Amino acid sequence: MKKDILEKGAILQRDRETYAIAPHIPGGITDTATLRKLCDVADKYGVKELKLTSAQRIALFGVKEEDLDAIWSDLDQQPGAAIGLCVRSVKICPGTTWCKRGVQDSVSLGLKIDAIYHAMELPNKMKMGISGCMLNCAETMLKDVGVVGTPKGWRIYVGGNAGARPRIGDLLVELGPDEDKVLAVIADLVEWYRSSGSEQRLGRVVEQMGFDAFKTAVLGAKATP
Ligand code: SF4
């Protein structure tokens, strides 16, 4: 019986025969050459369908198992972390790069976060989102770690998720515009989670501990204003 092939980023499909793969496209930001190559590869191997995913990727559906290695070789891209216990997607809105409502540079910060954390193995899956303003177009409140731009800087929310038991994230900390400070808090959070011994998703950890205890555990002395 066929199964997902994690090391090839291949997810078995409903037909129990073919696979879906999705290259890593940080922030969903790409260019025409990459898209042309994706189309050429899809045509070459008879890929059945291309679909835009909620994780800002382009998935190839109907891939044959025997073509997986050749497709990845031709694409010359890394698989997106769509399965497994790791940092899955880092969703990034256009922020001040393009959006007239943006107040912070979500693309700059989001790509830094993606470069550090995408595919990092953790006790459970973790999704992240970076929005350039409080309108939250990157679904930030539904991410395990959500970073939201405000006129004064950044807010970091934790413990959000979609799924069967959706949960809105809790505000962990409010910071100024310095990206390094945001990265430092996320580093503390991820390090704490890795060593916490919990195998629950972050929102369940928050619920079990209580948010105040969680905040103190993650931020330590920084939790007290
Ligand atoms: S969250 Fe704000 S900055 Fe980002 S796309 Fe939406 S409106 Fe624009």
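Reader: So, which residues come nearest to the ligand?

Author: Keep in mind that this is a predicted model. Of the 13 residues around the ligand, the nearest are Cys93, Cys99, Gly132, Cys133 and Cys137.

Reader: And how does that shell divide into nonpolar, polar and charged?

Author: Six residues of the shell are nonpolar, six are polar and one is charged.

Reader: OK, switching to the sheet. What's the strand order, and what's the pairing?

Author: The order is S5-S6-S7-S8-S9, five strands in an open sheet with mixed pairing.

Reader: Which strands stand at the edges?

Author: Strand S5 (87–92) and strand S9 (170–175). Each has a single partner strand, so one side of each has no neighbour in the sheet.

Reader: By how much are neighbouring strands turned against each other?

Author: On average by 15°, with direction ignored.

Reader: Let's zoom in on S6 and S7. In which sense do they pair, parallel or antiparallel?

Author: Parallel: S6 (residues 126–131) and S7 (residues 145–150) are joined over four bridges. As one example, Met128 has Val145 in S7 as its bridge partner.

Reader: Which strands does helix H4 touch?

Author: Helix H4 (residues 106–117) packs on this sheet and touches S5, S6 and S7. The direction of H4 makes about 170° with that of S5.

Reader: Now the helix pairs. At what angle do H1 and H2 pack?

Author: About 155°, with the axes of H1 (residues 32–44) and H2 (residues 68–75) 10 Å apart. That makes H1 roughly antiparallel to H2.

Reader: Is the crossing left-handed or right-handed, and which residues meet there?

Author: H1 passes H2 in a right-handed crossing. From H1 you have Lys37, Leu38 and Val41, which meet Ile71, Asp74 and Leu75 of H2. By type, the residues of that contact are four nonpolar, no polar and two charged.

Reader: What about H5 and H7, what's their angle?

Author: H5 (residues 179–195) and H7 (residues 211–219) pack at about 105°, and their axes are 8 Å apart. The two helices are therefore roughly perpendicular to each other.

Reader: Which residues make that contact?

Author: H5 brings Asp188, Leu189 and Trp192, and H7 brings Ala217, Val218 and Leu219. Five residues of the contact of H5 with H7 are nonpolar, none is polar and one is charged.

Definitions and conventions. Residues are numbered from 1 along each chain as its sequence is written. This is a predicted model: local features need pLDDT of at least 70, side-chain atom pairs count only at pLDDT 80 or more; totals for chains, interfaces and linings use all residues. A residue is near a molecule or strand if its C-beta atom, placed from the backbone, lies within 6 Å of it. Ala, Val, Leu, Ile, Met, Phe, Trp, Tyr, Cys and Pro count as nonpolar, Asp, Glu, Lys and Arg as charged, and the others, Gly among them, as polar. Axes are lines fitted to C-alpha atoms, for helices over the stretch in contact, and angles run from 0 to 180 degrees between N-to-C directions. Angles under 35 degrees count as roughly parallel, over 145 as roughly antiparallel, 65 to 115 as roughly perpendicular and the rest as oblique. Two residues are in contact if their C-beta atoms, placed from the backbone, lie within 7 Å. A crossing is left-handed if the near helix is turned anticlockwise from the far one by less than a right angle, and right-handed if clockwise. Two strands pair if DSSP finds at least two bridges between them.
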